[in-house]
Each structure stands twice: as C-alpha cells, then as structure tokens.
Amino acid sequence: MFRPVNPPGPSIPGLSQAMLIEGGKLLVLSGHVPFDSEGKIGGKDVAAQLDLVFANIAATLRAAGTDFASIVRLTYYIRDFDQAILPEIRGVRDRWVNTECPPASSLIGVAALFHPDVLIEVDAMAVIAEGETS
C-alpha cells in the first residue's frame, strides 16, 4: 500500500526520505500532545512525553479503525531542542513504528508550544487500506 523511496547517496539511517502511497485513504492527524487519561500534561522529560504522545496517537488511530502500522509521516515539534536527546527520541519512536519501513519524518525545534509544560507535540499522516476502517 505504501513503500519507502530512498534515492541513492547519503541519507539519515533509520528514516525514509519519502513514502509512496499506492492506495488507501489518507488520515491526517492534528498535533498530539502529552495529555494523560485525566486530561493533564504527563511526563517530565521529552522521552516520557513522547511515549504518551504516541499512546494518544495510537488511540486516535484505533478510533479510525487502524493502528501505528498505517503511519506514513510524523512531524515532531520539540521545545528548546537539544541534539543530545535525539537518541532518546529515536528509542521511543522505535518502540512504536515499524523500523523496517519507518515513516517519513521531520523534527522542528521551537521556542514554545501551547503550554509551558509541554515539551513535544507530534502530528502525523496515516494511510488506511480500503475496507480496514470500522
């Protein structure tokens, strides 16, 4: 249904340069933030918040009748980004995405997000196979 496109030459390991959509329905997810089940901001560091963000994305995907395997694009917005946390971000990401066919992604460092305790926000795109949604 979708396949990674990686031109020859230098690239960032563990990322797909592009994803070719060959069928299905596009699901565009708004920025998801680290709200816990009570609607409060959870997690004190980027890794903990990202895990919660991905859990929230998974809940949205379930509501659409799919799961994380349908994700083709992730965009990370990280407050006061420091490259030293990149391995932590990738470690969390790798628990949620298919590392054999990782989604296309971008990481954008920002000065602030909607709330001072929020360190990360992630938006996404998913492709749902025809007949997959409930």
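**Reading the model**

Tutor: Val5 is partly exposed, its relative accessible area being 33%; partly exposed lies between buried, under 20% relative accessible area, and exposed, over 50% (1.4 Å probe, protein chains only). This is a predicted model, in which local features need pLDDT of at least 70, side-chain atom pairs count only at pLDDT 80 or more, and totals for chains, interfaces and linings use all residues. Residues are numbered from 1 along each chain as its sequence is written, and side-chain values use heavy atoms, with hydrogens and water left out.

Student: In which strand does Val5 lie?

Tutor: Strands (E, at least two residues) and helices (H or I, at least four) are DSSP runs, numbered from the N terminus. The run that holds Val5 covers residues 2-5 and is strand S1.

Student: Is Asp80 buried or exposed?

Tutor: Asp80 is placed in the loop between strand S4 (71-79) and helix H2 (86-96). Although Asp80 is not a glycine, it has a positive phi of about 50 degrees. Its relative accessible area is 54%, so Asp80 is exposed.

Student: Where do the buried residues of H2 fall, seen down its axis?

Tutor: The buried residues of H2 are Ile89, Val92 and Arg93. Seen down the axis of H2, they fall within an arc of 100 degrees, and so they line one face of the helix; the arc is that of the directions from the helix axis to the C-beta atoms. On the other side of H2, Pro87 and Arg95 are exposed. The answer, then, is one face of the helix.

Student: Against which elements do the buried residues of H2 pack?

Tutor: Contact means heavy atoms within 4.5 Å. The partners of these buried residues are helix H1 (46-63), S4 and strand S5 (104-110).

Student: Are H1 and H2 roughly parallel or roughly antiparallel?

Tutor: Their axes come within 9 Å and cross at roughly 25 degrees. Axes are lines fitted to C-alpha atoms, for helices over the stretch in contact, and angles run from 0 to 180 degrees between N-to-C directions. Angles under 35 degrees count as roughly parallel, over 145 as roughly antiparallel, 65 to 115 as roughly perpendicular and the rest as oblique. The crossing angle therefore makes H1 and H2 roughly parallel.

Student: How many aromatic pairs does the structure hold?

Tutor: Rings of Phe, Tyr and Trp (its six-membered ring) pair if their centres lie within 6.5 Å. Ring pairs link Phe54, Phe68, Tyr76 and Trp96 into a cluster. The number of aromatic pairs in the structure is 5.

Student: What kind of pair do Phe54 and Tyr76 form?

Tutor: Planes under 30 degrees apart count as stacked, over 60 as edge-to-face and the rest as tilted. The ring centres of Phe54 and Tyr76 are 6.3 Å apart and their planes stand at 70 degrees, so the pair is edge-to-face.

Student: How many residues apart in sequence are the parts that this pair ties together?

Tutor: Phe54 is buried, with a relative accessible area of 0%, and Tyr76 is buried, with 4%. Phe54 lies in helix H1 and Tyr76 in strand S4, so the pair ties together parts whose separation in sequence is 22 residues.
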